[in-house]
Number of protein chains: 2
Amino acid sequence: MKFTAESILNVAWLRQVAGFPSAGVVVAVSGGLDSMTLLHALHTWCGDCRAQCLHVAHLNHGLRGEASTADAQLVAETAAQMGLDWTVERADIAQSVASGGGNLEAVARQVRYAFLRRTAERLGAAFVATAHTQSDQAETVLLRLVRGTSLAGLTAIAPLRPLAAGTPVQVIRPLLTVSRRQIVAYARYHGVRFREDVTNHDLSRARNRLRHRVLPELEQLNPQVGSALARLAAQAREDQQYLMTLAQSWLKQHARRAGGRLALPVSELLVLPPPIRRRVLHAVAQQAEYPAVASRHITAIEQTLLPGDAIGKCVDLTGGRQVRRIADALVFTEA
Amino acid sequence: MKFTAESILNVAWLRQVAGFPSAGVVVAVSGGLDSMTLLHALHTWCGDCRAQCLHVAHLNHGLRGEASTADAQLVAETAAQMGLDWTVERADIAQSVASGGGNLEAVARQVRYAFLRRTAERLGAAFVATAHTQSDQAETVLLRLVRGTSLAGLTAIAPLRPLAAGTPVQVIRPLLTVSRRQIVAYARYHGVRFREDVTNHDLSRARNRLRHRVLPELEQLNPQVGSALARLAAQAREDQQYLMTLAQSWLKQHARRAGGRLALPVSELLVLPPPIRRRVLHAVAQQAEYPAVASRHITAIEQTLLPGDAIGKCVDLTGGRQVRRIADALVFTEA
């Protein structure tokens with residue numbers, strides 16, 4: 001008997017996460033295979049504390065008509081059968097996109113995480129659990145690679161991270177070390193009910209293209225490519241976090257703020273090792289409220305550090321902000 | 001007119017490489033498109049110093065019969081027409097594999113680099129130039145990713161590195177920022193003569209599979225995927241080199257050698273940030289004369305550092321070597 005909850009949950013790691021699951025877990029369940037399996041495994045693993053620890057949350061995105069309604073029904077039914085409380089909400093994503101603009105998937109994700117945060121905060125739950133798998137991790141790594149990334153992007157999906165700034169709620173991914181194949185086997189063995197999301201087969205989406213066209217080709221070369229990419233993500237996360245710690249501690253020591261401006265000493269920047277310097281510049285240039293800063297912005301800023309005619313030079317950042325070299329200072333200004 | 005030598009050689013960077021090309025460059029030329037184009041571009045760019053600076057080297061691997069002989073002839077003819085000296089040698093790779101064993105490609109590479117080193121040392125040349133392109137770089141990054149890698153592997157092909165321990169000769173790759181497409185266009189424009197290597201189309205080789213099946217699929221998602229992967233390699237190299245510098249400086253301070261043994265202090269290892277600790281352990285465990293040490297070896301060594309029953313525990317390394325935890329020391333012993 002190998003299809004125990006422990007065989008798909010990363011329990012050795014989960015046991016080290018303070019407060020999991022006793023501090024409350026909102027399980028994000030779409031009704032699809034991965035999340036219904038996550039719910040089944042957590043329900044089994046939690047044992048007697050399940051009703052106190054677990055809460056099922058489902059957002060009906062209202063994008064697929066009757067199919068969406070059926071998803072919501074299946075999730076509510078399953079929660080009820082398990083003796084768990086649940087929250088089902090309805091959003092009109094198509095309407096949000098029509099009025100506010102933006103990419104459908106990105107808007108759906110934003111609305112969904114806002115719902116999960118609200119639900120967790122209302123219940124006083126410390127965690128939101130999502131069903132991202134090792135296969136999702138591998139696809140995310142590949143997707144980042146294809147679109148262009150550095151070490152930061154290779155860290156891909158975090159096993160545990162704050163849900164957002166300003167909330168104590170954390171997002172946790174208990175299935176992140178388990179392949180889709182293992183999930184399928186577990187679900188089949190236990191007769192886990194789920195609903196197929198037909199959009200998963202739409203090859204026009206980059207992720208699905210990687211899943212159905214590229215990964216099978218790579219598996220011809222290495223059947224374990226999924227776990228190889230997931231392991232890379234985990235190691236990249238360790239390396240990147242350490243390099244960011246060094247960059248942040250340099251910033252704490254050297255950044256000066258005055259009147260909405262932030263200034264860095266050029267002479268000190270010049271003696272920094274390049275990997276730390278790029279991360280210092282990126283940390284200052286990339287602020288949550290502005291569009292993403294690209295590698296070319298950082299390279300342009302680095303060029304103003306060079307001696308000679310760079311003095312007085314100016315680099316435009318996203319959101320109308322600027323970086324200007326003034327004598328020995330690199331000054332970041334708001335729009 | 002955009003098909004100048006400067007448009008395919010990374011000249012801004014080459015000008016910063018001390019001694020290039022005046023200290024002597026052995027150009028490794030197989031007779032294929034990339035290396036014949038490299039030769040053409042270097043010959044053009046060097047101008048009047050070409051006869052003093054450049055030397056053409058070709059190793060006939062003797063693997064493809066008459067085709068191999070024709071390759072050698074084309075290279076020698078081209079060098080003669082350019083007024084350059086050349087060295088052509090013949091090796092019997094098939095014979096080497098039959099007698100010594102090993103993978104054909106790996107043996108061929110080893111014999112070829114030994115020939116290039118010998119040629120450069122004989123001529124007193126500081127550099128061996130090879131024709132690796134951005135496309136080779138992208139394929140190498142992908143190949144490493146598929147087979148499983150960490151940051152170290154993502155550094156892929158070095159733009160400039162020592163050819164081997166114990167020689168001042170450096171390997172340089174002047175085409176590493178140029179795509180195969182640009183090379184084809186340059187070669188066509190200048191009527192560069194070259195010979196097709198039919199083994200390039202053999203899909204049974206992992207690299208060719210990536211080239212002909214996977215990369216075209218990825219280019220559907222991002223036509224610039226080649227340069228994205230090459231940029232990642234360059235950034236990974238910077239990050240990895242910096243982390244290795246920190247690991248090496250820790251080793252210099254803390255490693256103790258006595259009687260063929262190397263000992264590291266466990267209490268100091270335990271307070272190291274994990275990315276540095278793993279690199280310290282890898283640097284000690286991986287020695288040139290032994291088979292490759294894997295990530296699982298490092299993880300096993302890290303486990304002996306934990307308190308409690310780990311004391312006295314032992315991890316087997318490659319080549320019959322061992323690592324043993326003895327009180328506060330981690331001791332690496334030869335076979």
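The C-alpha centres of domain 1 of chain A and domain 2 of chain A lie 37 Å apart. To display the two, select 5-233 for domain 1 and 255-333 for domain 2 of chain A; these bounds come from an automatic or database domain assignment. This is a predicted model, in which local features need pLDDT of at least 70, side-chain atom pairs count only at pLDDT 80 or more, and totals for chains, interfaces and linings use all residues. Residues are numbered from 1 along each chain as its sequence is written, chains are lettered from A and ligands numbered from 1 in the order in which they are written, and side-chain values use heavy atoms, with hydrogens and water left out.

**The sheet of chain A**

Next, select the strands of chain A. Helices (H or I, at least four residues) and strands (E, at least two) are DSSP runs, numbered from the N terminus. An open sheet of 6 strands runs in the order β3-β2-β1-β4-β6-β5, with mixed pairing; two strands pair if DSSP finds at least two bridges between them. At the edges stand β3 (85-90) and β5 (160-162) of chain A, each with a single partner strand, so one side of each has no neighbour in the sheet. On average, neighbouring strands are turned by 25° against each other, direction ignored.

Zoom in on β4 (residues 127-129) and β6 (residues 170-172) of chain A, which pair in the parallel sense over 3 bridges. Here A129(A) has I172(A) as its bridge partner.

**The annotated binding site**

Select S30(A), G31(A), G32(A), L33(A), D34(A) and S35(A), where an unreviewed UniProt entry places the feature "binding site"; such annotations may be inferred rather than shown by experiment. G31(A) is in the loop between β1 and α3 (33-46) of chain A, and is buried at 0% relative accessibility (buried means under 20% relative accessible area, with a 1.4 Å probe and protein chains only). Its contacts (heavy atoms within 4.5 Å) include F194(A) and R195(A). L33(A) lies in helix α3 of chain A and is buried at 17%; among the residues that L33(A) touches are I183(A), F194(A) and R195(A).

**H58 in chain B**

Finally, select H58(B) in strand β2 (residues 54-60) of chain B. H58(B) is buried, at 3% relative accessible area. A polar atom of the H58(B) side chain lies 2.8 Å from the backbone oxygen of V29(B). Residues touched by H58(B) include D71(B), T87(B) and F115(B).

Methods. Buried means under 20% relative accessible area, exposed over 50%, partly exposed in between (1.4 Å probe, protein chains only). A polar contact is a pair of N or O atoms within 3.5 Å; within protein, one must be able to donate a hydrogen and the other to accept it, and residues adjacent in sequence count only if both atoms are side-chain atoms. Axes are lines fitted to C-alpha atoms, for helices over the stretch in contact, and angles run from 0 to 180 degrees between N-to-C directions. Lists of a residue's contacts leave out its neighbours within four places in sequence.
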